[in-house]
Amino acid sequence: MTEEYENTEPISDTHNLEELSPEEQVIELNRKVAELAVSLAEAQDNAEKSRSEVQYKEAELQTERRRFAEQRSDAVKYRDEDLLRDLLPVIEGLELALGAEISDQWGEGVKLAVREVKRRLEMRGVSLIAPNGEVFDPNEHEAVGMEESAELEPGSVVRTIRAGYRLHDRVLQASQVIVST
């Protein structure tokens with residue numbers, strides 16, 4: 001807007017434009033155009049702010065939906081974790097009992113039952129961690145002793161004392177191992 005129109009005092013809205021001289025009409029119309037331009041710029045600025053807010057809120061909502069879906073997926077994937085942790089000592093106890101030579105039908109039945117339990121655990125995503133000969137991994141193995149070994153590199157697992165178990169990608173129980181020096 002030029003200085004000519006900025007310093008012009010607005011004519012009352014009660015006056016009709018036809019009552020004004022042509023010069024006054026031009027001034028008044030230019031003033032109104034300038035006011036509308038300012039109002040339009042403010043409205044566009046407000047619209048852009050609102051659009052940005054909506055986009056931000058939409059991104060937040062998408063993030064929350066994704067996080068909720070991941071949490072729900074994890075809850076389903078690991079729902080049996082506590083139960084499985086409780087069953088592991090029972091399985092280990094049965095395996096120790098079966099370590100002795102059993103020749104009767106009862107012993108064979110227990111062997112079959114242990115195999116069936118292990119098969120069902122595998123179906124649920126439980127896998128055995130038995131790292132003999134592998135490099136020691138503190139995330140999956142618990143070193144309970146060290147021993148010299150001519151065949152293995154230092155830091156390798158010489159033997160497993162107690163097997164470990166993993167549920168999908170989570171360690172339920174670390175395997176207890178002897179590590180080579």
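Predicted model: local features only at pLDDT ≥ 70, side-chain atom pairs only at ≥ 80, totals over all residues.
**Reading a sheet, a core and a buried serine**

Q: How do I read the sheet, and in what order do its strands lie?
A: Strands (E, at least two residues) and helices (H or I, at least four) are DSSP runs, numbered from the N terminus. Two strands pair if DSSP finds at least two bridges between them. Here three strands form an open, antiparallel sheet in the order 1-4-5. Strand 1 (126–129) and strand 5 (170–173) are the edges, each pairing on one side only. The twist averages 35° from one strand to the next.

Q: What packs on the sheet?
A: Contact means heavy atoms within 4.5 Å. Axes are lines fitted to C-alpha atoms, for helices over the stretch in contact; angles run from 0 to 180 degrees between N-to-C directions. Helix 3 touches strand 1, strand 4 and strand 5, and makes about 45° with the direction of strand 5.

Q: How many residues has the largest nonpolar core?
A: Such a core is a set of buried Ala, Val, Leu, Ile, Met, Phe, Trp, Tyr and Cys residues joined through side-chain atoms within 4.5 Å. The largest has nine residues, including Leu121 and Val126. Helix 3 gives the most, with three.

Q: Is serine 175 buried or exposed?
A: Buried means under 20% relative accessible area, exposed over 50%, partly exposed in between (1.4 Å probe, protein chains only). Serine 175 is buried, at 0%. Serine 175 lies in strand 6.

Key:
Residues numbered from 1 in each chain as written. Heavy atoms only, no water.
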